[in-house]
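Subject: Model handover, with notes on charged pairs and a surface patch

Dear colleague,

Please find the structure below. My notes on it come after.

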Amino acid sequence: MKSLALESSLCALRAAAQALARLNRTDEAVAAWKEAASAWERAGDGTGRVEALGEAGTLLIVTRPEEAKALLERAVALVKAETKRPLAAALVMHVVGLSIA
């Protein structure tokens, strides 16, 4: 079980990344999503990592397509490997995919 401090930190990173993306501060948003992915990894939460990598990838599709592809491929690989919450990870990746379409 994650501590309240860790949960709060993870939520704050996610919120910051989302806010930066809405402000069209793409490079900062991508950096925040990557930081969030690392934090979710340390917390042992594959679904959070899927979201963070997927969202970072979607932000880069137009400007840095090769990096976007690599991030999205990592997210898909994580979905395939997820054992704790596989349906949640698949749903998160589905939502990421909808944002691309």
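The notes cover salt bridges and then a nonpolar patch.

This is a predicted model, in which local features need pLDDT of at least 70 and side-chain atom pairs count only at pLDDT 80 or more, while totals for chains, interfaces and linings use all residues. Residues are numbered from 1 along each chain as its sequence is written, and side-chain values use heavy atoms, with hydrogens and water left out.

Salt bridges

Side chains of opposite charge can pair when their charged atoms come close. I took a salt bridge to be a side-chain nitrogen of Lys or Arg within 4 Å of a carboxyl oxygen of Asp or Glu. The count by this rule is eight. Helices and strands, where named, are DSSP runs numbered from the N terminus (helices H or I, at least four residues; strands E, at least two). For accessibility, buried means under 20% relative accessible area, exposed over 50%, and partly exposed in between, with a 1.4 Å probe and protein chains only.

One of the salt bridges joins Asp 27 to Arg 64, with 3.4 Å between the closest N and O atoms. This pair links distant parts of the chain, 37 residues apart: Asp 27 lies in helix H2 (residues 26-43) and Arg 64 in the loop between H3 and H4. Asp 27 counts as exposed because its relative accessible area is 55%, whereas Arg 64, at 31%, is partly exposed.

Another connects Glu 67 and Lys 34, whose closest N and O atoms are 2.4 Å apart. Here too the pair links distant parts of the chain, Glu 67 being in helix H4 and Lys 34 in helix H2, 33 residues apart. Glu 67 is partly exposed at 25% relative accessibility, and Lys 34 is partly exposed at 32%.

Asp 27, Lys 34, Arg 64 and Glu 67 are linked in a network of salt bridges.

A further salt bridge is formed by the side chains of Arg 25 and Glu 28, at 2.8 Å from N to O. Arg 25 is partly exposed, at 38% relative accessibility, and so is Glu 28, at 40%.

Nonpolar patch

Patches are made of residues with over 30% relative accessible area and no salt bridge; like charges are joined within 9 Å and nonpolar side chains (Val, Leu, Ile, Met, Phe, Trp, Tyr) within 5 Å. Ile 61, Val 62 and Ile 100 form a nonpolar patch on the surface, with about 280 Å² of accessible area together (Shrake-Rupley method, 1.4 Å probe; for residues, only the protein chains shown count as cover). Val 62 sits in the loop between helix H3 (46-60) and helix H4 (65-81). Val 62 counts as exposed because its relative accessibility is 76%.

Regards
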